[in-house]
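I opened my notebook today to get to know a new structure. Here is what I looked up, entry by entry.

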Amino acid sequence: MLVYEDTALHRYEPPDRVAKLGHLLLQFAVINGQTRTHQALLRIGLVPPADSETTEAPATRQRAVDRDPAIVPSLAKWALSILDGNAQPELFPTLEHIGNLFGITDAEPVFGARDSTKLLNVTANVLWQLALDRDPALVLRQLASDKAPMLLLRQITIDMRWLLCSVIETMQQKCVSSWPTNILTLLGRHDMISNTSDAVSTNTAVSHRDMLANNSNGLTEPKSIVEICDSVLDQHAERKHTWTQSPRAREFSMLVFNRDLRLEEAERLLDLSAPTYTTTVLDTADTADDPDRAKTQYLGLLARRVLALPLGQSLLRYSSRQLNPQGALPIDLPVVAAQFRGNKAASTWTSDADMSWPLFHSGVAAALSVERDQLRREHPSWVLLNWPTEPTDTQDDPNAIKEFDAALASHAGFLLGMGLLSRDLETTDKYDDTSEQQRNISGPLSNMPPWQTFKYLSKRHGLTSIALLLGCACAHRGTMNSSVSKILSLHIPNLLPPGSSELMLLSYGTQAAAMLGLGLLFMQSQNRRMVEVMLHELESVEVRGTSGRLDGVDPAESTAECYSLASGFSLGLVVLGRGLSTKTLADLRLLDTLSAMISGGRSGAAPAPHTDKDGAELDAFAGLSISSSGLSNVGAVAAIGLAFLGTNYSPAAQRLAAPTSLQQLRTADPFMLLWKTLMQQLIMLDHIEPTLSWIESTVPNACIISTANTLAPDLYRIRIHAVAAACFALALKYAGTEDPHAHSIIVGVFDELELAATRPALDYESSLTRAAAQSCLDIVCVSAALVHAGSGDIATMKRLRALHGVNANRSYGNHMASHMALGILFLGGGARFTISRSTQSIALLVVALFPRFPQHYTDNCEHLQAWRHLWALCVVPRCLVVRDVRTGQ
C-alpha cells in the first residue's frame, strides 16, 4: 500500500501503472481474506479490474479479525486530518512501522524498499512536523537549504502540492524575523526580509508555490532562468546599502516588474555609492604620457554624473522607506570612485570645490524616501534629532569643520524634504476656507514652533535658510498663513519697514527662495498686496554682483536673474489660471505691464488694454516705470504664462508669439523663443494635440522645412528649440497618461536630437548646433519620461540609459536632466504614484523642470537648484489595492 501511495504521489507517473498497482492491492486483500481492507480500498477510490470474477476469498484463507485491522494508509486523508486541526494527528506509517501495524515483529525492508517510498516519506515527514509545530524553524531550514527534498517535492502531484502549500501558509503568522532568509522566502514573508538588517536583494516575486511548481523528472535539475537571475542579483547584493525599501513599496514594484530586471537596473544606474568599473581612460595628446593625469580627468568627468545622481534618486525612492522615529534619518552621500582596469583598488575623486549643493540634494532625497503617511505623524522635535553634531574643537581639526559643513548642507536638504511631504496636492484645491486647510496640515515642518524656526534662521547658513523658507511655504501652500508670511517677508528687502536693519541673510538665493515661497503661500488667492509687491520686484530688479551678499557662507551664487525669475513665478502662482477673472486686479493692467517688460518698452508705449465680453478691462498697471535692462524678460513671460494657464485666452498667447520676420528670428535668443513658445502653448492648453501637424504649427514659418539640411544653422537651432518647447507642453498635458501617440512623437524627436547632439563638431557653427541640440535633448528626455511617469517604460529607459555614460560633452546639467527623467519613469519604485495633470501641478512642474539646466553643481545664476524638487508637490497615488482585513493579504 505504501508503494502504491508513493507511486500515485509522483506527478509524471503513468496512470496505467498506478491502476495496475491498485488492482494488485485489491487482489492481495481478496486472496488474504482481508474483507474490511478490501472495502476500505474501494472507499479510497481503487477500482477493481474489469475482468475480475470474484471479490471473496476462499474460506480456507480467511484471516482472524485481529489480522484484519482495516487500516489503509492514505496520504490524502491523513493530510486532510492535519489541516482540520481538531485532533492530534498521528505519524504517517512508513515501511519501518509496517510490521507494528499488522502485528509482525520480524518485518524488515529489503532489496532497497526504503528508497522506493522516499518521496512519500519526505512529504509525510514535512507535513507532520509542520502541523505539530515541532521546531518549525529547524524543519523549514532543512527544507529550504537541502536541495534533495526540494527536488523531490517538485515531483508531487498538484493536489498534494497545494495541500503542502496550505500547511506552509499556516506558518506565515507564526514566523519571526530572526529566522533565516531562505525560510522567510519559502513562507512568502518578504516584509520581514525587508526589515532585517542582513536582507539582500533577491527575487522576492518567486513565492513558495512557484518554487514547488518548478518540477523535474529526475533528482538532478539544471539551473532555471529564475536561478540564473538570482545568481546575478546576488552579485549586485554584495554592495552595502543604507536604504531598505519598505515591504509595501517592494510589493508594488515586484507585482509590476516581476518579469525582468528593469527596476534593479534603474537602482543600479542611480546608486550613489557604487564605484564605476571602466576599461578605458581618456586618451588625448596631453595625457598620452601621463596615465595618472588621464585618470584624474576621467574622475572629473565622472563627478559630473555622480553629483547629479541625488536628484534622480529622490524620484526613484519617493515614499518608499519606513521611518525609525527613535533614530536619525540616514543620508546616502554621493561617492565619486572608479576602478580602472588592472587596479584592484578603486580611485576616489577629491576636490576643494564647494560640494554643498550635491549634499543638499542628497538630504532632500533621503527625506523624500520616507513614507509620507508615516512622516506626517511625526512631532517637530524629531527634526532636531537629525541636527548634526557640532565639533567641539574647530581649530585643531579642520576636517571636522569640513564634515560639519557637509552635514549642515545635507540637513538643509532634509528640511526641504520635510516640507515637501507635508501635504497632498488634493488638499490645496479649495482656497475659500482657510481654517479648514489649517486643520488638514500635518507634518514636522508644518507644526514647527516659532522658537525652533528662529533657531534655524539664527545660524545664518544659506542653504538652511533657503530650505526652511521654501519648506514652510510648501507645507502651508495656499493657506495665506500669517506667521509663515511674516517669516518670508523678513527676507524681502522691499517688504521691510523703512529704516529697519537687515537682520536676516539677504543673498539673492535666500531672497529668491522667500519670493517663491510667497507665491506658494498665496497660490491662486489673487491677493492684491502680493501682486503689487511682485510686480514692483519684477520691474525694479537691479544688477548686483555676488559681492553684495551679506554672508559669505551662502553657496547659492545666485544673481539678479534668479530673483527676477522667482518674482515672475510668484506672480503667476498668485494669479494661477485666473487671468480672466481678476476683477479686483483690473486696474493693475497685468497683461499690458508684463508685455511691456518683455519688449523692454515704457508703460506709456504699452498697447491699449483688452476687454472681456462685458467690457471690463483685463490688463492693468500702466503707471509703473518699466526698466529696459532685460533681466525681467524670463520672469515676465513666466508670469503671463502661469496667470493665463489653461484659459485659452488668445490675446495673452499672441503677446508671446515668435517674431515673424527673418531678421528678428536670426537676432532673437533661441532660449527666449523656447520659453515663449512653451508658455504660449500652456495658455492654449486645450488646443494641444498629440499630432505631428500640431508640433509643426508651433515652429516659425521660416523654419518649416521638409529636411533639416535645407535650413541654415541658426534657423535650425531655432527650429529644434521650438519643437522641444512643443514636446514639453505636450508632455505636461499628457503627464502620466501613457498616451501612445504623444509618446511616439516625443520619442521621434528624441532620436533626432540625440543624433544631432552626437554629431562631430567641425567648425564653430556646428559646435553651436551640437550644444543647442544637447540642451533641447535634456528637455525632450524629461518630456518622454513625464508621459510614462511611474510606468517604467522599457523603450524610454533604453534611451535614457544610453545617456548615462561618461562623456566630455555632457555637463552636470545634462546628467541632471537624464537622471531626473529616469527617476520620473520609475517614480516611487514604479506602479504606485504618477504625476497629476491639474493646473497647480502643471505650474509647479514648469518651476521644477525649468528648461535651462545648470552648467555645474554650483550654478544658480538663473534658476535656484532647490526648486528642482518641487515635483514632489505634484505626485498623486495611482494604484488601488484590495486587502483582506484579517490577514492583510
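In what order do the 3 strands of the open sheet come? I read the order as β1-β2-β3, with mixed pairing.

**Ground rules.** I am working from a predicted model, in which local features need pLDDT of at least 70 and side-chain atom pairs count only at pLDDT 80 or more, while totals for chains, interfaces and linings use all residues. I number residues from 1 along each chain as its sequence is written, and my side-chain values use heavy atoms, with hydrogens and water left out.

**Overview.** I looked up the secondary structure and found 41 helices and 5 strands. Helices here are DSSP runs of H or I with at least four residues, strands are runs of E with at least two, and both are numbered from the N terminus. I noted that 54% of the 889 residues in the protein are buried. Buried stands for under 20% relative accessible area, exposed for over 50%, and partly exposed for in between, using a 1.4 Å probe and protein chains only. For contacts, meaning heavy atoms within 4.5 Å, I looked at those with a separation of 6 or more: residues 24 or more positions apart account for 79% of them.

**The sheet.** Back to the open sheet of 3 strands. Its edge strands are β1 and β3, each of which pairs on one side only. I checked what pairing asks for: DSSP must find at least two bridges between the two strands. Strand β1 (residues 276-278) runs parallel to strand β2 (residues 337-340) in a pairing of 3 bridges. I traced two of the partners: Thr276 has Ala338 of β2 as its bridge partner, and Thr278 has Phe340 of β2.

On to the next pairing, where β2 meets strand β3 (residues 347-348) in the antiparallel sense, over 2 bridges. Here Ala337 is opposite Thr348 of β3. I also found that β2 and β3 make a hairpin, with 6 residues between them. In its turn, Gly342 has a positive phi of about 95°.

Which strands does helix α17 touch? I found helix α17 (residues 291-306) packing on the sheet and touching β1, β2 and β3. The direction of α17 makes about 135° with that of β2. For such angles, axes are lines fitted to C-alpha atoms, for helices over the stretch in contact, and the angles run from 0 to 180 degrees between N-to-C directions.

**Two helices side by side.** I then turned to helix α18 (residues 309-316) and helix α40 (residues 812-825), which pack at about 10° with axes 7 Å apart. That angle makes α18 roughly parallel to α40, a label for angles under 35 degrees. On the α18 side I listed Leu309, Leu311, Gly312, Leu315 and Leu316 in the contact, and on the α40 side Tyr812, Met816, His819, Met820, Gly823 and Ile824.

Is Gln313 buried or exposed? This residue of helix α18 is buried, with a relative accessible area of 5%. Leaving aside neighbours within four places in sequence, I found Gln313 in contact with Leu270, Asp271, Leu272 and Ala365.

**Salt bridges.** I counted a salt bridge where a side-chain nitrogen of Lys or Arg is within 4 Å of a carboxyl oxygen of Asp or Glu, and the count is 14.

One network links Glu265, Arg268 and Arg801. Glu265 meets Arg268 at 2.5 Å, N to O. These two residues both belong to helix α16 (residues 262-269), 3 residues apart, about one turn of the helix. Arg801 bridges to Glu265 with the closest N and O atoms 3.6 Å apart. This pair joins distant parts of the chain, helix α39 (residues 794-802) for Arg801 and helix α16 for Glu265, 536 residues apart. I noted Glu265 as buried at 17%, Arg268 as partly exposed at 35% and Arg801 as partly exposed at 40%.

My last entry is the salt bridge of Glu696 with Arg719, at 2.9 Å, N to O. Glu696 sits in helix α35 (residues 692-697) and Arg719 in helix α36 (residues 713-733), 23 residues apart. Glu696 is partly exposed at 26% relative accessibility, whereas Arg719 is buried at 10%.

Key:
Angles under 35 degrees count as roughly parallel, over 145 as roughly antiparallel, 65 to 115 as roughly perpendicular and the rest as oblique.
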